[in-house]
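Dear colleague,

I am passing on the structure we spoke about, followed by an account of what was found in it. Please read the notes with the coordinates open beside them.

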Amino acid sequence: MEIQKTNIERKLHQIRNKQADEAKILAEVEAILQKDLQHETQISETLNSNKSGGGNAFEFDLLETDRIFHIDQIREICIDYRLRFLNSSYFKGTIPQSAIQRIKQLEKEHDIEITGFKIMAPSKLFKLEDKDDPLLFAPIGNDYFYLIHKWGNDLHPLRKLLVWPFKNIANLTLLVLLISYFVTLLVPNSLFSKNNSTAEFWIIYFFMFKCIASVVIFYGFALGKNFNPAIWNSKYFNA
């Protein structure tokens with residue numbers, strides 16, 4: 001059998017064509033990655049923007065109904081757990097890549113550019129003007145919001161109970177009354193008088209109530225604290 005000779009010119013053409021195909025593939029991949037990077041950059045800019053959108057034109061047939069919430073439901077949760085619901089531009093935490101990917105997925109599915117992002121989280125995670133459980137929302141319209149993504153850790157199981165006194169002035173007053181009562185019980189008998197009496201107990205109780213209430217009022221004014229219904233959607237530290 002005769003051994004076929006090597007055609008160097010043909011080999012050069014084959015190598016050139018192969019390298020051209022590889023360069024084309026690399027160029028296409030680079031273009032795709034560049035486009036994806038530009039998309040992520042655009043999403044990050046939107047998240048950091050102060051613009052508030054009135055609603056996004058989602059395809060309602062593609063939305064998950066268990067992710068749709070009305071502003072009244074969001075407000076109730078914020079008040080119960082002392083959270084804030086603010087524009088994403090005020091969020092000082094790191095928005096994870098998983099949230100960015102979820103936004104990209106939704107934009108592709110619905111063929112839209114999502115705007116007006118909102119985040120529900122504890123006050124400490126926002127840059128308020130003078131690591132817990134963030135939830136990222138986008139407005140749908142008519143005071144409805146779509147839950148896009150949740151990350152971080154769940155809230156402490158006792159958080160609702162711990163922030164209960166700050167829900168309104170009645171709750172705070174009741175707490176001060178209870179604390180004053182237990183503090184009064186700790187006062188030794190006959191400390192101010194040799195004769196124990198109900199009148200003496202209530203006088204001491206009233207004195208304790210005034211002292212504790214004064215401390216609470218001073219603390220509230222000094223640190224600019226306010227009740228949950230007044231701060232849930234406020235961007236101000238001392239709202």
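Leu174 has its place in helix H5. Please bear in mind throughout that this is a predicted model. With a relative accessible area of 41%, Leu174 is partly exposed, since that value falls between the 20% below which a residue counts as buried and the 50% above which it counts as exposed.

Helix H5 itself has 18 residues, and from its first C-alpha to its last it reaches 26 Å, close to the 26 Å expected at 1.5 Å a residue. At the start of H5, the backbone nitrogen of Ala170 has a side-chain oxygen of Asn168 within 3.2 Å. The buried residues of this helix are Asn171, Leu172, Val176, Ser180 and Thr184. As a general point, residues three or four places apart point the same way, because an α-helix has 3.6 residues a turn.

Leu174 also belongs to a nonpolar patch on the surface, which it forms together with Leu158, Leu161, Leu162, Trp164, Leu178, Tyr181, Phe182, Leu185 and Trp202, and these residues have about 1000 Å² of accessible area together. Which helix gives the patch its largest share? That share, five residues, comes from H5, while helix H4 (159–162) and H5 each supply at least two residues of the patch.

Turning to the rings, the structure holds ten aromatic pairs. In one of them, Phe85 and Phe145 have their ring centres 5.1 Å apart and their planes at 90°, so the pair is edge-to-face; both Phe85 and Phe145 are buried. Tyr181 and Tyr205 form an aromatic pair that is likewise edge-to-face, at 6.4 Å centre to centre and with 70° between the planes. This pair links distant parts of the chain, with Tyr181 in helix H5 (residues 169–186) and Tyr205 in helix H6 (residues 198–222), 24 residues apart.

With best regards

Terms used
Residues numbered from 1 in each chain as written. Predicted model: local features only at pLDDT ≥ 70, side-chain atom pairs only at ≥ 80, totals over all residues. Heavy atoms only, no water. Phe/Tyr/Trp six-rings, centres within 6.5 Å; stacked < 30°, edge-to-face > 60°. Buried < 20%, exposed > 50% of the residue type's maximum accessible area, 1.4 Å probe, protein only. Helix = DSSP H or I, 4+ residues; strand = E, 2+ residues; numbered from the N terminus. Expected span 1.5 Å × (residues − 1). Polar contact = N/O pair within 3.5 Å; in protein donor to acceptor, adjacent residues only side chain to side chain. Patch = residues over 30% accessible without salt bridge, like charges linked within 9 Å, V, L, I, M, F, W, Y side chains within 5 Å. Areas by Shrake-Rupley, 256 points an atom, 1.4 Å probe, with all protein chains shown as cover. Salt bridge = Lys/Arg side-chain N within 4 Å of Asp/Glu carboxyl O.
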